[in-house]
Amino acid sequence: MLPAMSIIDSLSAGFNTVTKRIWLIFVPVVLDVYLWLGPRLSVAPVVQRLLPLFTIPPGMGADYQQMVIQNRELLQQMGQSVNLFSLLSTSVPGVPTLMTGAAPQATFLRVGPPVWEWKSLWVYGVAIILLWLAGLLIGSLYLAAVGHSVDAGDQRADGSAGGFLSRVRFVWGRVTLLTMLVGVLVTVIALPLSFILGILALLNMNLALIGLTLVTGMMLWISFYLVFVIPAIVVDRTGMWRAIWNSLNLVSRNFWATLGLVLLSLFINFGFSIIWQRMSTGSWLTFVAIVGNAYVGTGLVAAMFVFYRSRYTLWQQALTSRSQRGDSLDNE
């Protein structure tokens, strides 16, 4: 039985994979460049439709009036800064994109990127769904490429172009189902929790803060135990429920190693993100930041895939060895 790969070995293997196959950063680089220099889809018409809802009823106190005014200002700022095309970069977790928020203006171009607006709200609704599905496809293509490269040394893996396209279709389907499930669960859980926290806020603000802290901690804990769901889908091509089962088992069996990998990855990503944000001013340095962010982010994704495959293989070998020992005892 081979020893498990350590955190450092996994990170080293992940970045070596990206260095040898530098084309893996192509998808996040192109996506970020498009969100930076390409046309932008403004949500200003939607915001204008929503502003009349934030009116101040007569007789309300000064605190309530101030809150309504602040909400109106935040909504107006969102209408001016939000680019609906950013849905292409936020549909799948793990895709390293720099332009997830408000992209900087392209100062080195003579003309800034065009801004598109539509009058009809239902057109925006259709656009959101299509952009979300397209973002899932782009993210699945990227993750499948990384998983394909991580499996390059495995003789059992199908390294053909047909095998890659099959992996992309599989990942796209399973990730779509997964995001739909997460969306439904978040909606079902968030509504009663919001109602309960609202009641607590009316009774005692400290109780509401404690409740919010507990809910946030619980969500982080669940997210931690599900950290290998995407790697399981991409690397092992397992179904959604099996991927959840694999993630729960691997994290519980490798708790401290997984925690170390996650924390170190977050630390690396956070540290470099400060550098990329400082460089992302709209000049040519923005492109350098995009490339650097794509390289570091892809290396971390590949490291997560390598770590998962190593620990999953050891888990399966242990199960096989245990089963063989059980059969030998039965034969005796």
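Which helix gives the most to the nonpolar patch? Select helix α8 (residues 205–225), which supplies 3 residues. Helices here are DSSP runs of H or I with at least four residues, strands are runs of E with at least two, and both are numbered from the N terminus.

Before going on, note that this is a predicted model, where local features need pLDDT of at least 70, side-chain atom pairs count only at pLDDT 80 or more, and totals for chains, interfaces and linings use all residues. Residues are numbered from 1 along each chain as its sequence is written, and side-chain values use heavy atoms, without hydrogens or water.

Now pick M218, which sits in helix α8. M218 is partly exposed, because its relative accessibility is 41% (buried is under 20%, exposed over 50%, partly exposed in between, with a 1.4 Å probe and protein chains only).

Rings of Phe, Tyr and Trp (its six-membered ring) pair if their centres lie within 6.5 Å; planes under 30 degrees apart are stacked, over 60 edge-to-face, the rest tilted. That rule gives 16 aromatic pairs. Take F85 and W116: they are edge-to-face, 6.0 Å centre to centre with 75° between the planes. This pair links distant parts of the chain, with F85 in the loop between α4 (62–81) and α5 (87–90) and W116 in strand β2 (residues 115–116), 31 residues apart. F85 is buried at 10% relative accessible area, while W116 is partly exposed at 40%.

Then jump to Y308 and Y312, a stacked pair at 5.6 Å centre to centre and 20° between the planes. They are about one helical turn apart because 4 residues separate them in helix α12 (residues 285–331).
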